[in-house]
Amino acid sequence: MEFLSSCASSSSSQRFAFFNVQHQNTLSSRATVKSQVLPWNFSVVGLGRSTRLSADGRERILSCNCGSNRVLLFRQSWRYHSCLASSFDLISLNYRYVFNRNIYQVNFRRIRSSLGKFRQRFSVKLARVMVCVMLVMSVSSTFGGTPSQALTEENLLFLEAWRTIDRAYIDKTFNGQSWFRYRENALRNEPMNTREETYTAIKKMLATLGDPFTRFLEPEKFKSLQSGTQGALTGVGLSIGYRTNVDGPAGLVVISAAPGGPAERAGITSGDVLLAIDDTTTESMGIYDAAERLQGPEGSSVQLTVQSGPSVKHLDLVREKVAINPVKSRICELPGSGDDSSKIGYIKLTSFTQKASGAVKEAIDYLRSNKVNAFVLDLRDNSGGLFPEGVEIAKIWLDKGVIVYICDSRGVRDIYDSDGSSSMAASEPLAVLVNKGTASASEILAGALKDNKRAILFGEPTYGKGKIQSVFKLSDGSGLAVTVARYETPAHIDIDKVGVIPDRPLPASFPKDGDGFCSCFEDAASACNVNRSYDSFLALVKQNCSVQNASNNELQP
């Protein structure tokens, strides 16, 4: 750097000495300053000296020999230079300033403060620029293969479906594939010029998950699903599922037939195998494709090929509107005399629709008003329905306790339990009837009542559907049914493909309707009393009722 200093003579005339200062920063953070007095306009002789600064450059040049006057107005400008040198290392800086003491008073502190603020603001702006560059690079890498113009409406619908799976699907490995890379490849390669092409692209994407329960629903199918959970369907009244064992014929298994529906009237029962629908084999058919084929306009016909045991039947059924009444109840009176007679409240729960829990509460109130001593909850051929309804019905029967554990790939993610606030019938004896047509939400209910020792289960192992699906509506009215979790019973039992194991067996031929059930207790000549295989169940129910009845008599004044 070059600085100009003034030296005052005895006559007070202004003279100037010009100093050439070279500041070289070394790797050891040491600096050397050489000061040399040079002539400047006047014949002034100055003497300079060399000084080796310390590591922080804080040794000062305080004086010079300017003729007869030894005054140096040297305003510690080395500090500013030292600051710049230590910041920029081996950069050599040369500035030429001419200072007039009477006109300018340079404030180097202000300059240094301003430069500090400049460096700070420059750093912030530089950081913002770098963030913007990184965002641009990220977006360009994601859609690098897509056209440069904005995404189309069809692309956006596909991305909406992709994001739904990304956020909700249970398997975060997405069946061992890179879910982000699939999105990029699909946007680049899959045709999405029409809505049908977009639907095809979404279905193709879901197929890579290898999960038959995660599927796409066109707008009309989405509406049909909603109407089904609300208690009305137009079809033959069949609930179907995948086979849980490899033995037997290929096809779809009948989980249950709606009471009074066309399928039940034709003699189709749970466990039968649906081989074909309208001459189309079901060997490789999905359950939702089959359900769509079974439904149709009211009054239209459908041909079914069904195997029941060793025999194969060809049936022509007429579709009709099947009203799903989820709850039926009946009072069964046990033989006795006078006040010693006992009553059983029989509740048949066929599905978990939106009004199922309310209907169960109404049935309990009705049966209690008739002074029943015990309850029998029949979940046979109940293929499930809405998960929240299953939880709410469990709360009716439980005082306190865990109902179900919701798990994902990392373990338990949520717990549904009962705190007793919704309990209505937590004390009366309770028997639960299950079979291989008991599935999904009904298995959650049965498992909760068994593991909490609230009820005794009779029957055969249940269907074994241990996964939970949620339905998501897309912006165009279509939807996605997505497997979001698996569940475990309160005893941490994963029932998927295994089912809930009952406490006691019950023959499959035991009556499945309220009238037939009650006849087993009321009529000594009924098949129930003739068939000795029913004795254990009948005796246990009667015993529970007798104990409850005696307890009630003791409480009377």
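A crossing of two helices is called left-handed if the near helix is turned anticlockwise from the far one by less than a right angle, and right-handed if clockwise. The structure is a predicted model, in which local features need pLDDT of at least 70 and side-chain atom pairs count only at pLDDT 80 or more, while totals for chains, interfaces and linings use all residues. Residues are numbered from 1 along each chain as its sequence is written, and side-chain values use heavy atoms, with hydrogens and water left out.

Helix H10 (residues 387-397) passes helix H11 in a right-handed crossing. The two pack at an angle of about 25 degrees, with their axes 9 Å apart. H10 is therefore roughly parallel to H11, a term for angles under 35 degrees. Contact, meaning heavy atoms within 4.5 Å, joins Phe387, Gly390, Ile393, Ala394 and Trp397 of H10 to Ile444, Leu445 and Leu449 of H11. These residues divide into seven nonpolar, one polar and no charged.

H10 also packs with helix H9 (residues 356-369), the axes coming within 8 Å and crossing at roughly 25 degrees. This crossing is likewise right-handed. The contact of H9 with H10 holds six nonpolar, one polar and three charged residues.

Ser470 has Val482 in E26 as its bridge partner. Five residues lie between the strands of this hairpin, where Gly477 takes a positive phi near 95 degrees.

Key:
Axes are lines fitted to C-alpha atoms, for helices over the stretch in contact, and angles run from 0 to 180 degrees between N-to-C directions. Helices (H or I, at least four residues) and strands (E, at least two) are DSSP runs, numbered from the N terminus. Angles under 35 degrees count as roughly parallel, over 145 as roughly antiparallel, 65 to 115 as roughly perpendicular and the rest as oblique. Ala, Val, Leu, Ile, Met, Phe, Trp, Tyr, Cys and Pro count as nonpolar, Asp, Glu, Lys and Arg as charged, and the others, Gly among them, as polar. Two strands pair if DSSP finds at least two bridges between them.
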